[in-house]
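Thanks for asking me to look this one over. Please have the viewer open while you read, and follow the points in turn.

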Amino acid sequence: MIHPIISGNKWRKLKEYIGLAQINTSNSIISFGGAYSNHLYALAYVGNQFNIKTKGIIRGNELTINSNSYLKQMSEWGMDLHFLDRESYRKKIIPVEIAKENVIVIPEGGFSKVGVSGLESFKNELNEQIKADYIIMAVGTGTTAIGISKFLKIKTIGILTLQNLNEIENNCQEFELEDLLEINANYIFGKYAKGSQVLNEFCDTFYKKHQILIEPTYTGRMFYGLYDLIKNNYFPKNSKLIALHTGGIKLSD
Ligand SMILES: Cc1ncc(COP(=O)(O)O)c(C=O)c1O
C-alpha cells in the first residue's frame, strides 16, 4: 500500500538507486526484466516521477512496445525499451549503443547489496506496529527476504516462486544471515508464473474473504504456502506471524 504502482517491495528495492541517480543527474538507470516485470514497471514509473532517464532491457526480441499494455505504459512513462534475444538476455548483455553512456545498472529484480540496503528502514516501520515470531514473503531473487532477515533479525520464511534455489543460496552467502532465513521450495507449482486452477481459486476465495487482492505469481503462492504450513502445524502454537504482501497487483492488461 506504499503506492498503487510502486507497491509492496518495489520502492524499498529501488530507493537507494534513485538516491544514487539523483546525486548525478546525467546518470540514467538500466535494469532487466521479462515482458510483465513488476520491477521494471515500477522503475519506469519512478523514473518518470523523479525525472530520471530509465532503460529497460526486456527478455524476448520478438516483443515490441505494443506487445502488452505494461510495455506500452512503461514506454509512455519514458522508459527506453530494448528487446534482447533470450541467449543475450541470459548473459545480461547490455546493447552497445547504451553501454557507453553513464549508467547505473540494477541487476534483474533488484538483487544487490544496494537493493538489500533499501530494506533497512522497514525495521523501524514494522517494529513500531507489531512484534512477531515469523515473517513470511514470496521470493524471486531473494532481495526482500535477505534484507528482512538481515535487518529485522526474526525468523524469515521465503516462499520460492521459481526454480532458482541454488541462485538464492548463493545470494544469501553474500550476507551474514545467522540462519534466520529459511527458503521453502514446496509451493513453486511447477515453474515461474505457471497458471494453476488451484491457485486461481485460492486467490479468488482469499479476496472474497478478506477484500485483499493477491495474484497467483507471488502473493498467491505465498499465502497458499502459508495456509498449508499452518495446516501442517509448522508453526508452534500461539506464534505470531506476519505475512508480507509484496505488491505486484497491476490493474489493467
Ligand atoms: C509482487 C512480488 N513479490 C515478490 C517478489 C520477489 O521479490 P525478491 O526478488 O526481492 O525476492 C517480486 C519480484 O520482484 C514481486 O514482483
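The points below go through the sheets, the helices and the ligand site.

1. Ground rules. This is a predicted model, in which local features need pLDDT of at least 70, side-chain atom pairs count only at pLDDT 80 or more, and totals for chains, interfaces and linings use all residues. Residues are numbered from 1 along each chain as its sequence is written, and side-chain values use heavy atoms, with hydrogens and water left out.

2. Four strands are arranged in the order E3-E2-E1-E4, with parallel pairing. Strands here are DSSP runs of E with at least two residues, helices are runs of H or I with at least four, and both are numbered from the N terminus; two strands pair if DSSP finds at least two bridges between them. E3 and strand E4 (103–106) are the edges, and each has a single partner strand, so one side of each is left without a neighbour in the sheet. From one strand to the next the twist averages 20°, where axes are lines fitted to C-alpha atoms (for helices over the stretch in contact) and angles run from 0 to 180 degrees between N-to-C directions.

3. Pairings to check in that sheet. Strand E1 (residues 28–33) joins E4 in the parallel sense over 4 bridges, and Ser28 has Val103 as its bridge partner in E4. Helix H2 (residues 38–50) lies across E1, E2 and E4 and runs at about 160° to E1; contact means heavy atoms within 4.5 Å.

4. Strand E2 (residues 53–59) and strand E3 (residues 80–84) pair in the parallel sense over 5 bridges.

5. Strand E5 (residues 134–139) and E8 are linked in the parallel sense by 3 bridges, and the partner of Ile136 in E8 is Ala243. E6 and E7 pair in the parallel sense over 4 bridges, with Asn184 in E7 as the bridge partner of Ile159. The chain passes from E6 through H9 to E7, again as a β-α-β crossover that is right-handed.

6. The ligand. Which residues are closest to the ligand? Of the 15 residues that surround the ligand, the closest are Asn38, Gly140, Thr141, Thr144 and Thr246 (the cut-off is a heavy atom within 4 Å). For polar contacts, meaning pairs of N or O atoms within 3.5 Å, a polar side-chain atom of Asn38 lies 2.7 Å from an oxygen atom of the ligand. A backbone N or O atom of Gly140 is 2.7 Å from a ligand oxygen atom, and one of Thr143 is 3.4 Å from a ligand oxygen atom. Taken alone, the ligand exposes 390 Å², and the protein buries 98% of that, by the Shrake-Rupley method with a 1.4 Å probe.

Technical notes: A polar contact is a pair of N or O atoms within 3.5 Å; within protein, one must be able to donate a hydrogen and the other to accept it, and residues adjacent in sequence count only if both atoms are side-chain atoms. A crossover is right-handed if, with the strands pointing away from the viewer, the path from the first strand over the helix to the second runs clockwise.
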